[in-house]
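Subject: Handover of a structure

Hello,

Here is the structure I promised to pass on. Please open it first, then read my notes below.

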Amino acid sequence: MPFAALGLPQPVTKGVRAAGYTEPMPIQRKAIPVILSGRDLIGAAQTGTGKTAAFILPILARLLAGPRRLRALVLTPTRELAAQVETNARDYARFTSVEVGVVYGGVPIPPQERMLRSGIDLLVATPGRLLDLHNRLALRLDYIEVLVLDEADRMVDMGFAPDLRRILKLLPTHRQTLLFSATMPPDLNQVAKEALRDPARIDLAPPSRPAAGITQAVYPVPRNLKTELLEEILSRTDVHSMIVFTRTKHGADRLARQLGRRNFSVAPLHGNRSQSQRERALGDLKRGRIQILVATDIASRGIDVEGITHVVNYDVPHTPEDYVHRIGRTGRVDAVGDAFTLMGPEEQKDVVAIERFLGRTIPRVLLPDFNYKMRPRELAISVRSETERVRPKGRGNHAGAIHRQTGGAHRGSTAHRPATAGDHGGSAAHRSGGPSSGSFGRRPKHVRGVDRRRGRP
Ligand code: AMP
């Protein structure tokens with residue numbers, strides 16, 4: 001479903017496209033029509049769900065018409081969130097004449113006063129600084145038509161309830177109020193009763209489960225060998241199309257260059273790429289012109305490319321929700337896919353957090369014949385230690401658990417085998433051949449050789 005189908009006007013949908021979004025996220029699908037209708041809204045949603053665009057886009061639609069003055073106010077608990085919301089709002093508003101501003105504490109007031117005097121339509125603010133500025137007569141709140149309380153539970157947690165009440169008294173009673181919050185503690189419920197009228201409610205539970213068709217594996221590896229390991233995995237795996245996630249834009253660019261130099265057909269996708277570059281990269285992946293997209297999390301949401309066979313977390317994502325989003329790029333609908341996570345020693349705790357969130361362990365996998373340049377004992381520890389801490393009760397021994405989870409699951413990934421406690425007692429990483437049958441220990445032939453690296457044959 002395109003954004004325009006939600007009733008957003010063209011300058012706004014153009015801004016959304018330029019931001020790189022192709023499809024609305026669930027909260028946007030649900031909230032935007034309600035907000036456009038003028039109704040109050042309580043959205044139970046966390047950061048990461050796309051809630052900022054869910055409220056900013058319909059607000060921009062409203063601000064396109066009507067007088068130029070301060071008509072929309074977004075309150076956030078922290079300056080970081082305020083700055084982030086403002087950045088997003090400017091981004092989405094770039095094809096409109098709507099002026100966006102931000103004010104928060106901890107920085108000098110005079111520049112903010114000057115900015116407010118220059119005339120803005122939409123202000124993002126933390127409550128304390130907003131009141132300070134109001135006391136200094138730097139702004140008027142009498143024309144506010146829409147109020148957003150963003151991360152309202154955190155605002156109440158941080159002791160802002162009295163400030164919120166003060167601000168509510170300064171606003172016109174005839175207005176639209178939107179409240180976004182992950183939880184609804186009693187104090188907030190009280191504020192909500194005072195602030196909202198007959199609100200619609202949207203409950204958006206965070207995704208907690210990857211689709212059933214996704215096979216997951218964690219590859220413990222020293223950080224400096226990640227690229228080499230990835231290359232090995234690529235050369236031993238039948239990859240149709242793959243998204244590799246990095247934490248930073250810079251990291252995405254660097255990895256894309258490295259893989260490009262090694263003759264893989266690859267493109268980077270992140271927030272610093274122009275809209276046309278992003279669209280081209282996605283289109284090329286869809287059409288099979290490139291095999292690998294190296295992306296930051298911006299791409300983990302909203303990408304809906306059919307037939308992605310592999311997702312690789314080159315860096316372990318910051319949050320379990322990001323993990324679920326990322327690996328959700330493969331195995332879409334009823335399809336199947338593989339999701340590999342390359343785990344440096346310092347990333348073990350993040351993987352454990354993911355496993356707790358999922359309520360299951362993800363099998364650790366060592367690549368046979370790959371030179372890990374680690375002592376066998378270090379290798380054993382990196383494979384075993386954290387897995388055991390989250391091993392579901394009632395499982396057999398560690399090795400058995402991993403075998404059960406991984407055995408035969410890697411379609412086309414014949415080179416992989418489950419790591420087992422005994423495997424790395426010797427120099428497992430260098431071993432060729434061994435007691436296990438099948439492909440274990442054998443370096444499989446290159447699947448369709450070089451052809452696979454340069455687009456589809
Ligand atoms: P938020 O929950 O507002 O912090 O948004 C989480 C992330 O999702 C941000 O990085 C947004 O840029 C991104 N995002 C928001 N809407 C979309 C969309 N429709 N498609 C792709 N990414 C989106």
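**Phe55 and the cores**

Set aside the neighbours within four places in sequence, and Phe55 is in contact with Ala31, Ile35, Val148, Leu178 and Phe180. Two residues are in contact when their C-beta atoms, placed from the backbone, lie within 7 Å. The model is predicted, so local features need pLDDT of at least 70 and side-chain atom pairs count only at pLDDT 80 or more, while totals for chains, interfaces and linings use all residues. Residues are numbered from 1 along each chain as its sequence is written.

Phe55 also belongs to the largest nonpolar core, which has 64 residues. Phe55, Leu57, Leu60, Tyr92, Leu122 and Ala125 touch the most other members. The top contributor is α3, with nine residues. A nonpolar core here is a set of buried Ala, Val, Leu, Ile, Met, Phe, Trp, Tyr and Cys residues joined through C-beta atoms within 7 Å. Buried means 20 or more other C-beta atoms within 10 Å of the residue's own; exposed means 12 or fewer, and partly exposed is in between.

**The whole chain**

The chain has 457 residues, and 45% of them count as buried. It holds 16 helices and 15 strands. These are DSSP runs, numbered from the N terminus: helices are H or I with at least four residues, strands E with at least two. Among contacts with a separation of 6 or more, 76% join residues 24 or more positions apart.

**Helix α3 and its partners**

Which helices meet α3 (residues 51-64)? One is α2 (residues 26-36): the two axes come within 9 Å and cross at roughly 30°. Axes are lines fitted to C-alpha atoms, for helices over the stretch in contact, and angles run from 0 to 180 degrees between N-to-C directions. α2 and α3 are therefore roughly parallel. That term covers angles under 35 degrees; over 145 is roughly antiparallel, 65 to 115 roughly perpendicular, and the rest oblique. Residues of α2 in the contact include Ala31, Ile32 and Ile35, and those of α3 include Phe55, Leu57 and Pro58. By class, this contact has eleven nonpolar, one polar and one charged residues. Ala, Val, Leu, Ile, Met, Phe, Trp, Tyr, Cys and Pro count as nonpolar, Asp, Glu, Lys and Arg as charged, and the others, Gly among them, as polar.

Another partner is α4 (residues 79-92), whose axis comes within 10 Å of that of α3 and crosses at roughly 45°. α3 and α4 are therefore oblique to each other. Thr52, Ala53, Ile56, Leu57 and Leu60 of α3 meet Val85, Asn88, Ala89 and Tyr92 of α4. Seven of these residues are nonpolar, two polar and none charged.

**Helix α10**

The buried residues of α10 (residues 226-236) are Leu229, Leu230, Glu232, Ile233, Leu234 and Arg236. They pack against β8 (214-220), β12 (310-313) and β13 (337-343).

**Two positive phi values**

Most residues other than glycine have a negative phi. Glu151 has a positive phi of about 45°. Glu151 sits in the loop between β5 (146-149) and α7 (152-157). Glu151 is buried, with 23 other C-beta atoms within 10 Å. Asp369 has a positive phi near 70°. Asp369 lies in the loop between β14 (365-366) and α15 (376-389). Asp369 has 17 C-beta neighbours inside 10 Å, so it counts as partly exposed.

Best wishes
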